[in-house]
Amino acid sequence: ANTWKAFKEFIDKHPDSPYADEARSNYEKLLYEDFAQKNTASDYAKFINQYSENRYVPQAEDSLYKHFITDGSTENYYHFIQLYPKNKNTKDAWLK
């Protein structure tokens, strides 16, 4: 099955396989898509915290940021900065 769990199992069992890099790439993509499916701020935050080395973290950080700035209120920008000071969009939030 082409699921993130199947790719993770393959990587764990065969880390030196010539297919390990491709499996890792698929694993990261499918894992991110699984977390992004509901498109909620809490799922993006959980993904960022649990899988900080995943190559889709910057995309998750952008999506998380967008959840906070939709209404453009200063309060939401400040709330975002307080909750996620290490997010790559924090500097931009300070400028708003």
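At what angle do the axes of helix 2 and helix 3 cross? They cross at roughly 150° and come within 8 Å. This is a predicted model. Two packed helices are described by the angle between their axes and the distance between the axes.

**Helix 2 with helix 3**
- Helix 2 covers residues 20-36.
- With a crossing of roughly 150°, helix 2 is therefore roughly antiparallel to helix 3, as angles over 145 degrees count as such.
- On the helix 2 side, Leu-31, Tyr-32, Phe-35 and Ala-36 make the contact.
- Their partners in helix 3 are Asp-43, Tyr-44, Lys-46, Phe-47 and Gln-50.
- By class, this contact of helix 2 with helix 3 holds 6 nonpolar, 1 polar and 2 charged residues.

**Helix 3 with helix 4**
- Helix 3 spans residues 41-50, and helix 4 spans residues 57-69.
- Their axes come within 9 Å and cross at roughly 150°.
- Helix 3 and helix 4 are therefore roughly antiparallel to each other.
- The crossing of helix 3 past helix 4 is left-handed.
- Helix 3 brings Ala-41, Tyr-44, Ala-45, Phe-47 and Ile-48 to the contact.
- Helix 4 meets them with Val-57, Ala-60, Glu-61, Ser-63, Leu-64, His-67 and Phe-68.
- The residues of this contact of helix 3 with helix 4 are 9 nonpolar, 2 polar and 1 charged.

**Helix 4 with helix 5**
- Helix 5 runs over residues 74-83.
- Helix 4 and helix 5 pack at about 145°, and their axes are 8 Å apart.
- From helix 4, the contact uses Leu-64, Tyr-65, Phe-68 and Ile-69.
- From helix 5, it uses Asn-76, Tyr-77, His-79, Phe-80 and Leu-83.
- The contact of helix 4 with helix 5 has 7 nonpolar and 2 polar residues, with no charged ones.

**The largest pocket**
- The largest pocket holds about 160 Å³ of space.
- Its lining is made by Ala-45, Ile-48, Asn-49, Glu-61, Leu-64, Leu-83, Tyr-84, Pro-85, Lys-86 and Asn-87.
- Helix 3 and helix 4 each supply at least two of the lining residues.
- Helix 3 gives the most to this lining, with 3 residues.
- Sorted by class, the lining has 6 nonpolar, 2 polar and 2 charged residues.
- Leu-64 lines the pocket, and it also takes part in the contact of helix 4 with helix 3 and in that of helix 4 with helix 5.

How values were computed. Residues numbered from 1 in each chain as written. Predicted model: local features only at pLDDT ≥ 70, side-chain atom pairs only at ≥ 80, totals over all residues. Heavy atoms only, no water. Axes fitted to C-alpha atoms, helices over the stretch in contact; angles between N-to-C directions. Helix = DSSP H or I, 4+ residues; strand = E, 2+ residues; numbered from the N terminus. Parallel < 35°, antiparallel > 145°, perpendicular 65-115°, else oblique. Left-handed = near helix turned anticlockwise from the far one by under 90°. Contact = heavy atoms within 4.5 Å. Nonpolar A, V, L, I, M, F, W, Y, C, P; charged D, E, K, R; others polar. 1 Å grid on protein atoms, 1.4 Å probe; cavity = no way out; pocket = protein on both sides within 12 Å on 5 of 7 lines; lining within 4 Å. Points joined across faces, edges and corners; volume = space filled by probe spheres on them.
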